[in-house]
Amino acid sequence: MRIPILKLNNYLLISIQTEIDDNTAIQFQEDLLNKIHQNGSSGVVIDLTSVEIIDSFIAKVLGDVISMSDLMGAKVVLTGIQPAVALTLIDLGIHLQDVPTAMDLEQGLVKLYQELGE
Amino acid sequence: MEPQSFVEIKEEWDIVGARQMGRNIAKEAGFGTVDQARIATAISELARNIYLYAGSGTISYEILEKMGRKGLIITATDSGPGIPDLSLVMEDGYTTSGGLGAGLPGVKRLSDEFDLRSEEGKGTTVQCIKWVR
């Protein structure tokens with residue numbers, strides 16, 4: 001199973017719609033970095049509206065892919081984190097500090113424009 | 001007491017199966033969406049521990065009714081190598097697998113009651129209870 005990555009001008013858009021298992025998460029990490037490289041993308045929005053659970057493994061993969069993208073010169077914004085997911089992450093002790101977030105895809109794109117000064 | 005159900009953890013994909021089943025059972029038992037997410041997340045952590053450290057094991061689910069309260073007991077059992085130092089694994093950030101070290105202390109915070117037993121060379125059992133609010 002692979003998570004589709006859409007290209008929009010200089011940006012990449014990802015909406016995670018399926019239950020993520022560990023392999024899918026790792027595959028996504030690789031796919032995203034390759035796409036950033038291929039397209040020279042400057043920004044990425046990962047929309048998590050349909051994601052019902054984020055456990056410590058998925059949180060680590062997300063946090064890592066944000067740092068990796070940053071190393072390559074692309075900014076990542078996470079959007080649409082559900083209330084139950086936010087509550088659970090804090091219970092788990094995962095704070096995802098320094099990760100840019102926004103309420104939804106639209107605001108995520110606005111945040112990217114701001115972060116990138118475009 | 002309703003009959004117990006369980007999921008065997010043998011492959012990585014079983015982690016997803018275990019948490020989906022847990023979520024469904026929690027939903028039927030009347031847990032709210034946040035507690036369903038807490039239960040599913042706790043199961044995901046426990047199932048991954050089984051897969052990573054013991055190779056195989058089971059996650060079982062049991063509905064508990066006590067003094068007018070309804071709860072869900074989740075038990076993770078394996079016959080793996082066991083945990084040599086129980087206090088160490090309950091420390092936030094301790095990991096031997098390169099993960100976040102959020103697993104067991106996180107599961108404890110997600111649960112209302114938590115019990116960890118382990119014997120070196122014999123295996124580990126983690127039991128947690130969540131009560132319907």
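Predicted model: local features only at pLDDT ≥ 70, side-chain atom pairs only at ≥ 80, totals over all residues.
Chain B contains four helices and five strands. Read from the N terminus, these elements follow the order β-α-α-β-β-α-α-β-β. The overall dimensions of the chain were compared with those of a compact globule. For 133 residues, such a globule would have a radius of gyration near 14 Å, and the value for chain B is 14 Å, which agrees. Along the principal axes, the C-alpha atoms of chain B fill a box of roughly 40 × 25 × 25 Å. Buried positions make up 38% of the 133 residues of chain B.

On the side of chain B, 24 residues are in contact with 20 residues of chain A. Three helices of chain B, α1 (13-29), α2 (33-54) and α4 (103-110), each supply at least two residues of the side that touches chain A. The largest share comes from α2(B), with nine residues. By residue class, the side of chain B that touches chain A divides into ten nonpolar, seven polar and seven charged residues.

In chain A, helix α4 (residues 105-116) was examined in detail. Its twelve residues, at 1.5 Å a residue, should span 16 Å; the end C-alpha atoms of the helix are 16 Å apart, which agrees. Within α4(A), the residues A:Gly108, A:Lys111 and A:Leu112 are buried. Viewed down the helix axis, the buried residues of α4(A) fall within an arc of 105 degrees, and they therefore line one face of the helix. An α-helix has 3.6 residues a turn, so residues three or four places apart point the same way. The face of α4(A) turned away from the buried side carries the exposed residues A:Glu106, A:Val110, A:Tyr113 and A:Gln114. The cover over the buried residues of α4(A) includes four strands of chain A, namely β2 (11-15), β3 (43-47), β4 (75-79) and β5 (101-102). After α4(A) comes A:Gly117, whose phi is positive, near 60 degrees.

Notes:
Residues numbered from 1 in each chain as written. Chains lettered and ligands numbered in written order. Rg over C-alpha atoms; globule rule 2.2 N^0.38 Å. Buried ≥ 20, exposed ≤ 12 C-beta atoms within 10 Å, placed from the backbone. Contact = placed C-beta atoms within 7 Å. Nonpolar A, V, L, I, M, F, W, Y, C, P; charged D, E, K, R; others polar. Expected span 1.5 Å × (residues − 1). Arc of directions from axis to C-beta.
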